[in-house]
Amino acid sequence: MGRVWLFIPLAVSSVALGPVVAQDAANTSSGTEPVTFTTQQDHQDMMRQLGITALRPGRNGDASKPNPANYDEASANPCPDLPDVLTLKEGEKVTTPEIWWKRRRPEIVEDFEREVYGRIPKDVPPVTWTVAETRETTVGEIPVVEKQLQGHVDNSACPSIEVNIGMTLTTPKDAAGRVPVLMMYGFSFPGGPGARRPGAAQAPPRPVAPPGRGFGPPGPSRTEALIKAGWGYAMIFPNSIQADEGKGLTRGIIGLTNKGQPRKPDDWGALRAWGWGASRGLDYLETDPAVDASRVGIEGVSRYGKAALVAMAFDPRFAMVLVGSSGEGGAKLHRRNFGEAVENLTGQGEYHWMAGNFLKYGTAESSFGAKTPCDLPVDSHELIALCAPRLTFISYGIPEKGDAHWLDQRGSFMATVAAGSVFRLLGAKDLGVGDDYRSAEMPAVNEGLLDGQLAWRQHDGGHTDAPNIEHFITWASRLFGAPELQAKSSPGTP
Ligand code: GCU
């Protein structure tokens, strides 16, 4: 049988602050050469820009270590009232879809962009996709066509930073027409962001599993299930878009748009950059005759579960999302004091996922005093609400099998419940358990709430969404209509 993937929270150390180090970095002076910072230097540079002198330390996943994460429900909700997703900032209630689309949704988008995930610059250079290789092969004995793709980002504004997005597309060879496609965040590949393999013309490298990490790989069972159901899948490689580390922020797509200079506080972080990359992948899929571009979904687990939710929230062309074990920074409420905390995300190991401004909510000491997660203008129920009324499936496993409490399944369930009113306002169905996110009972493990466009299911496996894939496919196919029927009526179908 398959391997068990254990999710082991990273031990996160506290942040010790020294003087600002921007000046010490290798190449800061000319403004034309990319800056080379260490992660610590980049983190401290952002603190300096924000006027922060001390951050609170992240929680420790190990209960025997100092400052352990809280796992007691009694103290899990220090600020139990969430920002009301259907009340405008000026106090008016959102009573029609029109008020949602024209006024409330833009308010929420603005808050997430400025304070949480960062803004995509207006002038991101264009991406040119090439099909490096097309081959016929099989997945679970079904003949498929597999394309290796590369999205080259125009880097004429800063030639020393090269970004080539790696993606593969696999579709059933004998499909009757265009097929739905699930885009999945794959794993990093040797060489890092923008790297071109020696001797490999333009072909993006094939995926390799990350060494020793506990997040679930794109297992054959998921891809087989998709192909068997008559779907296709695309595998996109986050590290080819943006490196997964603070010192990479002056490189990759974020670095390219800043011409190698450090980020400003509201610039995008890696989650937004990975979301942007998925959108560029979707640009390609819209041009591929095998794909029904009106039924492309996005999927990821763990940090890529966060990225999948961000991609879906900000790009309305994605028709569906499978958010696997996303935890803090994903579907989990930031305001919850349970498992991983905002203070983990603001530390050196993870701050690069977020906008610089997010650091403010982990502040112990600064020119503006201290802020806590309760000061965030938005919370994750509103990120889920940005996906409405499209198909949104929030997935978890169980702690006993390695999908640790660290992820706060309950905090994510509460956020999903609290997002429901927006789905209903827009004519979709939510989880069907009411609006009281504080006391709503989680369904039993393996009992999904799959009737609506907003769905929840906790499977009895570990840190992966593989055991939920069949449920996801059945749910999405039902809500879209069976793929074969849809394919016949899709535009462009022979
Ligand atoms: C860490 C982190 C999580 C993240 C996970 C992963 O454990 O605390 O937020 O989801 O890594 O992506 O592997």
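E141 sits in the loop between β2 (127-139) and β3 (142-153). Strands here are DSSP runs of E, at least two residues long, and helices are runs of H or I, at least four long, numbered from the N terminus. The model is predicted: local features need pLDDT of at least 70, side-chain atom pairs count only at pLDDT 80 or more, and totals for chains, interfaces and linings use all residues. Residues are numbered from 1 along each chain as its sequence is written, and side-chain values use heavy atoms, without hydrogens and water.

Most residues other than glycine have a negative phi, and most peptide bonds are trans. Buried means under 20% relative accessible area, exposed over 50%, and partly exposed in between (1.4 Å probe, protein chains only).

| Residue | Phi | Relative accessible area |
|---|---|---|
| E141 | near 70 degrees | 76%, exposed |
| K259 | near 50 degrees | 42%, partly exposed |

K259 belongs to the loop between α4 (252-257) and α5 (270-285). A cis peptide bond, with omega about 0 degrees, joins A388 and P389. P389 lies in the loop between α8 (380-385) and β10 (391-396).

**Helix α2**

Helix α2 covers residues 97-117 and spans only 25 Å between its end C-alpha atoms. A straight helix of 21 residues would span 30 Å; the expected span is 1.5 Å times one less than the number of residues. There is a kink of about 40 degrees at R104, shortly before the proline P106. That bend is the angle between axes fitted to the seven residues ending there and the seven starting there. Just after α2, G118 has a positive phi of about 90 degrees.

**Nonpolar cores**

A nonpolar core is a set of buried Ala, Val, Leu, Ile, Met, Phe, Trp, Tyr and Cys residues joined through side-chain atoms within 4.5 Å. The largest has 102 residues. W100, M183, Y185, I253, L285 and I298 touch the most other members. Apart from it lies another core of 24 residues, including L182, I227, L322 and F480.

Contact means heavy atoms within 4.5 Å. Leaving aside neighbours within four places in sequence, I298 has contacts that include L182, M183, Y185, F318 and L322.

**H381**

Where does H381 lie? It is in helix α8. H381 is buried, at 1% relative accessibility. Its contacts beyond four places in sequence include L82, P83, L333 and A415. The H381 side chain reaches the backbone oxygen of P83 at 2.8 Å. H381 and A331 are 50 residues apart in sequence, yet 7.2 Å apart in space, C-alpha to C-alpha.

Note on methods. Polar contact = N/O pair within 3.5 Å; in protein donor to acceptor, adjacent residues only side chain to side chain.
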